[in-house]
Amino acid sequence: MNLVINGMNLGTIFYEAWILNDVTTFFLLILPHGIFEIPALIIAGAAGFKIPYELLRFALGKKEEIITEEDAKEFFKLVGVSIALIFIAAVIEAEITLKLAVHMA
């Protein structure tokens, strides 16, 4: 639901920028934090599938333990990297993008 609503908002804003021939400004305000945010969301998705994947492997008899220590470590590494990237994206959005938007206005 969140992806659909945000996608619709972003698409509408992009269309507006396209009509006003101001696509450069659109990308200058989106890209600085998007470089960190998009990989963070992908990594968070991978982390979200890690535990169900391991449970399915156990249920199919391809593993002897439900979740090994190595599986848990990998899961928490993915979560940690995702949180760090989201935090970096938030700082960039709050500091750099805001100043850039004020400067461009």
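Modeller: The account below begins with confidence and then turns to the packing, the loop and the pocket.

The model is predicted; local features need pLDDT of at least 70 and side-chain atom pairs pLDDT 80 or more, while totals for chains, interfaces and linings use all residues. Residues are numbered from 1 along each chain as its sequence is written, and side-chain values use heavy atoms, without hydrogens or water.

The protein chain has an average pLDDT (the predictor's confidence in each residue, from 0 to 100) of 91, and 100% of the residues score at least 70. Among the elements of the chain, helix 1 has the lowest mean pLDDT, 89, and helix 3, residues 69-104, the highest, 93. Helices here are DSSP runs (H or I, at least four residues), numbered from the N terminus.

Two packed helices are described by the angle between their axes and the distance between the axes. For helix 1 and helix 2, the axes come within 7 Å and cross at roughly 145°; each axis is a line fitted to C-alpha atoms over the stretch in contact, and angles run from 0 to 180 degrees between N-to-C directions. On the side of helix 1, L10, I13, F14, A17 and W18 take part in the contact (heavy atoms within 4.5 Å), and they meet V23, F26, F27 and I30 of helix 2. The residues of this contact divide into nine nonpolar, no polar and no charged. Nonpolar means Ala, Val, Leu, Ile, Met, Phe, Trp, Tyr, Cys or Pro; charged means Asp, Glu, Lys or Arg; the others, Gly among them, are polar.

The loop between helix 1 and helix 2 holds N21. Although N21 is not a glycine, its phi is positive, about 55°. Most residues other than glycine have a negative phi. N21 counts as exposed because its relative accessibility is 72%, where exposed means over 50% with a 1.4 Å probe on protein chains only, buried under 20% and partly exposed in between.

The largest pocket contains about 670 Å³ of space. Helix 1 (2-19) and helix 2 (23-59) are the elements that give two or more residues to its lining. That lining consists of 21 residues, and N6, L10, I30, H33 and E37 lie nearest the pocket's centre. L10 and I30 also belong to the helix contact described above. A pocket is an open set of points on a 1 Å grid over the protein atoms alone, where a 1.4 Å probe fits, with protein on both sides within 12 Å along at least five of seven lines; lining residues have an atom within 4 Å of a point. Points are joined across faces, edges and corners, and the volume is the space filled by probe spheres set on them.
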